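Dear colleague,

Please find below the structure that I am handing over to you. I would ask you to look through it first and then to read the notes that follow.

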Amino acid sequence: MRVSSLTLALSLLLSPAAFAQTPPDTAPEATPPPADAPAPDAANPSEPAADETQEVLASDDPAAIEHASNRVPLQEIRRYVGVFNAVREAYVEPVEDRKLMSSAIRGLLLDLDPHSVYMQKEDAAAFDEGTEGAYDGIGVEVMYLGDGSLRVIAPIDGTPAAKAGIRAGDVIVSVDGRTLTPADNDGPGPLRGAPGTSLTLGVLRDGETAPLEIRVDRETIRVVSVRSRMLEPGYGYVRVSQFQVETAADFSRNVDALKQQAGGKLRGLVIDLRSNPGGLLTSAVQIADDLLDSGKIVSTRGRIPISDAEFSATPGDLLDGAPVIVLVDVGSASASEVLAGALRDNNRARVIGSRTFGKGSVQTVLPLDNGDSVKLTTARYYTPSGRSIQARGIDPDTVLRPENSPAADAPRAASAYTEANLPGHLQGDEEDGSTGGEALPGEAPIAAALAELKKPWVPTAQVPAERTKPATAPAQAPAAATPESVPADAPASETAPAEAPAEPDATDVPESNDTPAAPATPTPTPGS
């Protein structure tokens, strides 16, 4: 299995042998010099000892190439040990060695990128819970910021956070009147807690001059990641709130149920990925495979060969070619972007909404021997057309604006809620610094998606196709739409850029080059 192999390979890099300057010996009486070290010259007393032998340049010794990646800079290690001893002996208060070492390990990851983190045992357990879909908290996906505050990636449908009005892009700065600090993010975090308890959140929100105070009750969160309904006879709607272990199977069951309601065949389908923070890459790949007869789905590329992988579709289209609209917004991240990019690049679906989050990297979770884990960014992902949307996002074919938003031509500040605005993010190939997307809550975007779905459009061959200038979404829902499911006031729209890039939150590389693999570890920050 490719996922297991990658984890094993990276785990080997974390083993003690990986840090050795010389190959380990089995059980010698005395430690001989390494095989690739030059023999001491008796005629030259100034020759360094075996354990201080100068490195041989790889260009001068081919054997050195194999060991170059495993060499640790001894001078830097000595400097670290010196600082460690100084802190342990001279700091104003005693600090346990274990705490100092833990802080040092965290420091290794601190300046890499926002998604590479060290997780203590409790954090790792909470992370795993997110893929199973059950935990105690308020039901929100968050990203930890450097000052201890929490940026909301997305509230999960039907949870206390969503019911209380928490929105994608909100920043939680306090809990019960106490300002959050980095220490609050240790362990399960400040939002987890026993069902039935409540907390008051201090929330910063774009457009608000002062922090909002929002009261939220905790409960056991059982996430149903897929919901569906008929919008009109023949036109189905599937909402995917995040990608969990069973999401792909649930998607297939929901589509089959919609087909039965439609008399055996759907005329079109809206897939709603708004505020979907991502999750398991393999679940997104399996859904794409359900809708594609052929073609690439996604590929990943990293520094080590085992990080390079490609997913391709297998024959069989669950919808028999019926048109598909994918609805996205700024809260659509990671595996959501993988699915949207795969369907559009294969000319299987049109994408409408607002520009997505732009997370185009893959994380691998590496378990450690003490129960802690390291979540490490190991690859970038690329859509079928070969494009990376890291720090750019997917530009929709048709852009929608939120209800009651300013006129389309009014100036708008760049959204701070994007991958490109996260400190230390990986540089994107097409990062342009332009205005980010917007959250699109409510039913009106669904009405616009249905209207777009009814426009004449026949999918052509499933190969990356040159897109024409996107159309403008209708401002009103079609007259035939049922009022209870599709309101008449669809959002105003504007024309999207003519060229759109086509992420995973995904947390591991795929197992197979041809067929969807077994689920990997999730990528989004665990729900709270």
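A residue is called buried when its relative accessible area is under 20%, exposed when that area is over 50%, and partly exposed in between. Please keep in mind that this is a predicted model.

With that definition, we may turn to threonine 356. This residue has a relative accessible area of 2% and therefore counts as buried. Where does threonine 356 lie? Its place is in the loop that runs between strand E16 (350-353) and strand E17 (361-367). If neighbours within four places in sequence are left aside, threonine 356 is in contact with Val328, Asp329, Val330, Ser332 and Glu337, and also with Arg392, Gly393 and Ile394.

The protein as a whole may be described next. Its secondary structure comes to 10 helices and 20 strands. Of its 528 residues, 49% count as buried. The protein exposes about 24100 Å², and carbon and sulfur atoms supply 54% of that area.

Two of the helices deserve a description. Helix H7 (residues 247-261) packs against helix H8 (residues 281-291) at an angle of about 30°, and their axes are 8 Å apart. Angles under 35 degrees count as roughly parallel, and H7 and H8 are therefore roughly parallel to each other. Which residues meet between these helices? From H7 there are Thr247, Ala248, Phe251 and Ser252, and they meet Ser283, Gln286, Ile287, Asp290 and Leu291 in H8.

The aromatic rings come next. A pair of such rings is described by the distance of the centres and the angle of the planes. The count comes to one aromatic pair. Tyrosine 80 and phenylalanine 84 form this pair, with 6.0 Å from centre to centre and 45° between the planes, and the pair is tilted. Because tyrosine 80 and phenylalanine 84 are four residues apart in helix H3 (residues 74-90), they are separated by about one helical turn. Are the two residues buried or partly exposed? Tyrosine 80 is partly exposed, at 32% relative accessibility, whereas phenylalanine 84 is buried, with a relative accessible area of 13%.

The charged end of arginine 229 is placed over the ring of tyrosine 237, at 4.6 Å from its centre. The charged end of lysine 454 likewise sits over the ring of tyrosine 235, at 5.7 Å from the centre of that ring.

Yours sincerely

Terms used: Residues numbered from 1 in each chain as written. Predicted model: local features only at pLDDT ≥ 70, side-chain atom pairs only at ≥ 80, totals over all residues. Heavy atoms only, no water. Buried < 20%, exposed > 50% of the residue type's maximum accessible area, 1.4 Å probe, protein only. Contact = heavy atoms within 4.5 Å. Phe/Tyr/Trp six-rings, centres within 6.5 Å; stacked < 30°, edge-to-face > 60°. Lys NZ or Arg CZ within 6 Å of the ring centre and 35° of its normal. Areas by Shrake-Rupley, 256 points an atom, 1.4 Å probe, with all protein chains shown as cover. Axes fitted to C-alpha atoms, helices over the stretch in contact; angles between N-to-C directions. Parallel < 35°, antiparallel > 145°, perpendicular 65-115°, else oblique.
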